[in-house]
Amino acid sequence: MNKYHSTRNKQIEASSSEAILKGIAQDGGLFVRDEFPFLNIDALESMSFQELSKQVLSSLLEDYQEEEINQYVEEAYGEQWEDKAITPLVNIGQEYILELFHGPTAAFKDVALQMLPHLLKGAILKQKQKEDVLILTATSGDTGKAALAGFKDIEHTNIMVFYPSVGISQIQRLQMMSQTGNNVSVCAIEGNFDDAQNQVKQIFTNPKFKEVVKAHHLSLSSANSINIGRLMPQIVYYFDAYRQLLKSNKIKKGEEICFSVPTGNFGDILAGYYAKKMGLPIHRLICSVNRNNVLYDFFQTGSYDRNRDFHPSLSPSMDILISSNLERLLYDVSDQNTMEIASYMEALKTTGRFTITKTMKAKLDQIIFASTSDDEQTKKDIHDVYQQYHYVMDPHTAVAYHGTQLYRQGDAQHKIVTLSTASPYKFAESVKDALALDLDIKGDAMSYLSKATNTSIPVNLKDLDKKAILHHDCIKKEDMQNYVFGKLKGVHHD
Ligand SMILES: *Cc1c(COP(=O)(O)O)cnc(C)c1O
């Protein structure tokens with residue numbers, strides 16, 4: 001059953017439920033598996049998103065029962081999705097867009113975070129863990145809300161989310177302040193995302209904190225994308241995109257296609273790589289990043305170097321200098337060499353940089369094509385795509401669309417699916433600005449977008465300003481530990 005082990009040491013093993021419960025291996029490595037099950041694409045066409053999801057997840061999470069997975073899938077991908085197809089594929093010109101944002105918080109993180117809480121709850125039972133789980137999360141905007149929506153009122157779990165008081169959009173702020181649920185805490189930190197993230201990391205590694213958590217009959221876990229419980233559900237929509245192309249006769253069975261993925265922490269694109277390992281005919285994965293282009297440089301040169309300035313951009317969920325999940329891809333192209341990976345990660349920690357071997361670089365060139373675009377380019381792409389096709393993209397999607405166009409210049413043959421990771425309404429101000437329609441429409445940016453482009457505001461973003469504000473706390477970053485201690489006293493653990 002121990003199919004998973006650390007990227008840095010094969011001796012540190014785990015079953016799927018253990019890996020989900022732990023989140024990260026005790027040596028700081030990430031849980032990976034060496035063999036992937038094969039999914040026969042012949043059977044794809046007749047399946048729904050949910051059926052596909054059941055197949056993919058039960059083949060990867062060996063110690064979960066099939067009935068268990070089936071029930072989780074029904075709960076995770078039900079009425080809370082605004083589109084019955086869950087992840088519909090739309091056509092613009094000769095390209096395709098896979099819309100991943102029809103979930104409860106209007107960002108693609110819902111696909112995984114509607115599922116993770118169920119997997120975690122199942123893992124607690126399977127591992128006979130007596131303690132409930134406490135999820136601590138720092139968010140730059142999307143993860144926090146998607147995690148709250150997923151974990152609210154889930155048995156045996158408590159969730160605390162910290163978001164920066166500056167840098168997030170007004171819509172993201174309102175989404176968090178209005179969160180309901182009796183196992184949730186939401187608090188703003190005076191500072192930026194890095195401040196919140198650093199504090200959470202310090203809390204996680206503070207021995208005193210571990211004792212206090214234990215005394216409250218809780219164990220700590222994380223909802224970010226290093227958890228395999230967040231990665232595996234994302235494999236599904238790569239197969240589902242292929243299924244939709246087959247069904248509409250756009251491709252022949254077995255025909256290779258490409259995906260362009262707006263990339264930050266490298267979780268989404270890694271799920272695409274895993275889909276390829278499971279037999280999905282993928283020709284290239286296009287790794288599309290914004291001006292924070294550490295990954296772009298890495299794929300060009302083979303050297304990863306985080307010693308550079310951080311640039312806040314129009315696509316904030318991709319503003320990141322350390323892409324954690326890259327470690328998993330490197331593990332694979334190093335011929336699964338844990339020593340090699342451990343040495344790269346040590347170098348990254350101490351010097352902020354590392355360089356891979358020529359053999360690894362050559363392998364990556366066969367898998368990944370990299371692209372980068374700055375805010376000006378992003379605005380232009382949002383503008384031009386709307387003018388040409390009347391399709392409204394959010395800034396993250398626009399970064400990926402740029403990757404599609406760049407790659408297209410050298411490959412006229414393969415179909416390309418651009419992943420769309422957020423509703424344009426979540427970044428309504430930026431999108432309105434980029435469209436530059438200059439219409440005389442009254443109201444806020446969301447109603448402007450809706451009237452100007454004749455599209456509808458997602459249900460869960462509508463009337464956000466009328467929802468009750470339930471979380472007012474805003475604290476100094478130094479006070480975060482005490483805040484958490486204080487909150488623990490109120491946590492139920494029966
Ligand atoms: C998180 C996020 C991304 C980046 O995904 P990764 O898996 O971290 O690479 C892209 N777009 C949006 C809207 C996101 O919220």
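Begin by selecting strand β11 (residues 282-289), where 7 of the 8 residues are buried, so that this strand is largely enclosed by the rest of the structure. Here buried means under 20% relative accessible area, exposed means over 50%, and partly exposed lies in between, using a 1.4 Å probe and protein chains only. Strands (E, at least two residues) and helices (H or I, at least four residues) are DSSP runs, numbered from the N terminus.

Before going on, note that this is a predicted model, in which local features need pLDDT of at least 70 and side-chain atom pairs count only at pLDDT 80 or more, while totals for chains, interfaces and linings use all residues. Residues are numbered from 1 along each chain as its sequence is written, and side-chain values use heavy atoms, with hydrogens and water left out.

β15 pairs with β10 in the parallel sense over 4 bridges, and C258 has I416 as its bridge partner in β15. β15 also pairs with β5 in the parallel sense over 4 bridges, with I97 opposite T418.

When you widen the selection, you have an open sheet of 6 strands in the order β4-β5-β15-β10-β11-β14, with mixed pairing. Its edge strands, each pairing on one side only, are β4 (89-92) and β14 (368-372), and the twist averages 25 degrees from one strand to the next. Such angles run from 0 to 180 degrees between N-to-C directions, with axes fitted as lines to C-alpha atoms, for helices over the stretch in contact.

**Helices on the sheet, and the core**

Which residues touch the most other members of the largest nonpolar core? They are L61, F239, F259 and L330, in a core of 109 residues. The largest share of this core, 12 residues, comes from helix α10 (residues 228-247). A nonpolar core is a set of buried Ala, Val, Leu, Ile, Met, Phe, Trp, Tyr and Cys residues joined through side-chain atoms within 4.5 Å. In soluble globular proteins, nonpolar side chains tend to be buried together.

Centre the view on F259, which, leaving aside neighbours within four places in sequence, is in contact with residues including Y238, A241, I286 and L419; contact means heavy atoms within 4.5 Å. A second, separate core of 24 residues includes L174, Y386, Y425 and L464.

Select the open sheet of 5 strands in the order β9-β6-β7-β8-β16, whose pairing is parallel. The edge strands are β9 (218-221) and β16 (474-476), each of which pairs on one side only. Strand β6 (residues 132-138) pairs with β9 over 4 bridges, and I135 stands opposite S221 in β9. Helix α20 (residues 480-488) packs on this sheet, touching β6, β7, β8 (184-190), β9 and β16.

**S165**

Move to S165, in the loop between β7 (157-164) and α7. Is S165 buried, partly exposed or exposed? With 22% relative accessibility, S165 counts as partly exposed.

**T378**

For a contrasting stop, select T378 in helix α16 (residues 375-389), which is buried, with a relative accessible area of 1%. Leaving aside neighbours within four places in sequence, T378 is in contact with S373, P395, A398 and V399.

Technical notes. Two strands pair if DSSP finds at least two bridges between them.
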